[in-house]
Amino acid sequence: MSTTSSDPLAALGDLPGVPDAVDSVRKAVDRVYGHRVMRRRSNEVTAEAALRGARGSAALSGADWNLEEVRRRTDFSGEDESRTIGAALRLTAEAGQLLSIWRQSPLRVLARLHLVAAGGASPDDTVGRPRLAGEPVVEPLIEAPVPDADEVAGRLEGLSQLIIAGGSAPALVTSSVVHGELLALRPFGSHNGLVARTAERIVLIGSGLDPKSICPAEVGHAEQGRASYVAAFEGYLSGRPEGMAAWIAHCGRSVELGVRESTAVCEALQRGAA
């Protein structure tokens, strides 16, 4: 991420196509929040969105399980896919607990998210901190070159300062940049994709765009497919304005697909079918 503006995130909001994506997302979110079911049963919609979001995020990390299988399981130890599902579920449950800390210390939150994702599975001290020089990264799906530890530290600090400073950028822009930057850096030895998508969720909730966490972007990222996700991310990685705009638009479409999913949940609850 590079720009000469004093408010770089706000500057990204002016890229061609981005204002339309921001407006489309806002209208979609407003519609689902206006659904009559949300007046009485919003907690049920939130819980279902969390489950479906975790399933979607895990699918992008290589564990593409049927929703009902995720719902049915209670034991997520064992094979790699099962542990990935368990990590995604734990992260989704943790996201809402970290909002106040995120505004003050994003790096603390990222460390906590990695600890939660790892679930105590690692016997060494690499969990919950950015990787050091020479430490390997295991990350399904993202094959771009990994920045070295010094670059990771500098860019994480820059991202943290942008978040703490706030600014006028729309929530969609900020969440897309947080997501993209964490994917680009892969600051931890593992679970970076899961952590990046959880951080995106935290921004969307904390910004006020989706305060009840009923618009799971992870659902939309998974629905658009792994190939589309990687192609859009490559646009972010390029640093070119058109690539950044394409990534933000992709993330916006993912939120809208998450809205569609939760709207269907609302309709099912209204019919008494869920």
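**Exercise 1. Within how many Å do the axes of helix α11 and α13 come, and at roughly what angle do they cross?**

Before we start, note that this is a predicted model.

Step 1. Find helix α11, residues 217-224, and follow its axis towards α13: the two axes come within 6 Å and cross at roughly 110°.

Step 2. Angles of 65 to 115 degrees count as roughly perpendicular, and therefore α11 and α13 are roughly perpendicular to each other.

Step 3. Now look for the residues that touch. On the α11 side they are Ala-217, Val-219, Gly-220, His-221, Glu-223 and Gln-224. From α13 come His-250, Cys-251, Arg-253, Ser-254, Val-255, Leu-257, Gly-258, Arg-260 and Glu-261.

Step 4. Sort this contact by class, and you get 5 nonpolar, 6 polar and 4 charged residues.

**Exercise 2. Describe how α9 packs against α13.**

Step 1. Helix α9 spans residues 171-185 and helix α13 spans residues 241-271. Their axes lie 9 Å apart, at an angle of about 110°.

Step 2. That angle makes α9 roughly perpendicular to α13.

Step 3. Leu-172, Val-173, Ser-176, His-179, Gly-180 and Leu-183 of α9 make the contact with Trp-247, Ile-248, Cys-251 and Gly-252 of α13.

Step 4. The classes here are 6 nonpolar and 4 polar, with no charged residues.

**Exercise 3. Work out which residues join α7 to α8.**

Step 1. Start with the geometry: the axis of helix α7 (residues 106-118) comes within 9 Å of the α8 axis, and the two cross at roughly 120°.

Step 2. Pick out Pro-106, Leu-107 and Leu-110 in α7; they meet Leu-156, Glu-157, Ser-160, Ile-163 and Ile-164 in α8.

Step 3. This contact divides into 6 nonpolar residues, 1 polar and 1 charged.

**Exercise 4. Explore the second largest pocket and its lining.**

Step 1. The space in this pocket is about 330 Å³.

Step 2. Its lining has 18 residues, and those nearest the centre are Ile-163, Gly-166, Thr-174, Val-203 and Ser-207.

Step 3. Which elements give two or more residues to the lining? They are α6 (99-104), α8 (149-165), α9 and α10 (192-206).

Step 4. By class, the lining holds 10 nonpolar, 6 polar and 2 charged residues.

**Exercise 5. Step back and describe the whole protein chain.**

Step 1. Count the elements: there are 13 helices and 0 strands.

Step 2. The radius of gyration is 18 Å, close to the 19 Å that the globule rule gives for 274 residues, so the chain is as compact as a globular protein of that length.

Step 3. Along the principal axes, the C-alpha atoms fill a box of roughly 55 × 45 × 35 Å.

Technical notes:
Residues numbered from 1 in each chain as written. Predicted model: local features only at pLDDT ≥ 70, side-chain atom pairs only at ≥ 80, totals over all residues. Heavy atoms only, no water. Axes fitted to C-alpha atoms, helices over the stretch in contact; angles between N-to-C directions. Helix = DSSP H or I, 4+ residues; strand = E, 2+ residues; numbered from the N terminus. Parallel < 35°, antiparallel > 145°, perpendicular 65-115°, else oblique. Contact = heavy atoms within 4.5 Å. Nonpolar A, V, L, I, M, F, W, Y, C, P; charged D, E, K, R; others polar. 1 Å grid on protein atoms, 1.4 Å probe; cavity = no way out; pocket = protein on both sides within 12 Å on 5 of 7 lines; lining within 4 Å. Points joined across faces, edges and corners; volume = space filled by probe spheres on them. Rg over C-alpha atoms; globule rule 2.2 N^0.38 Å.
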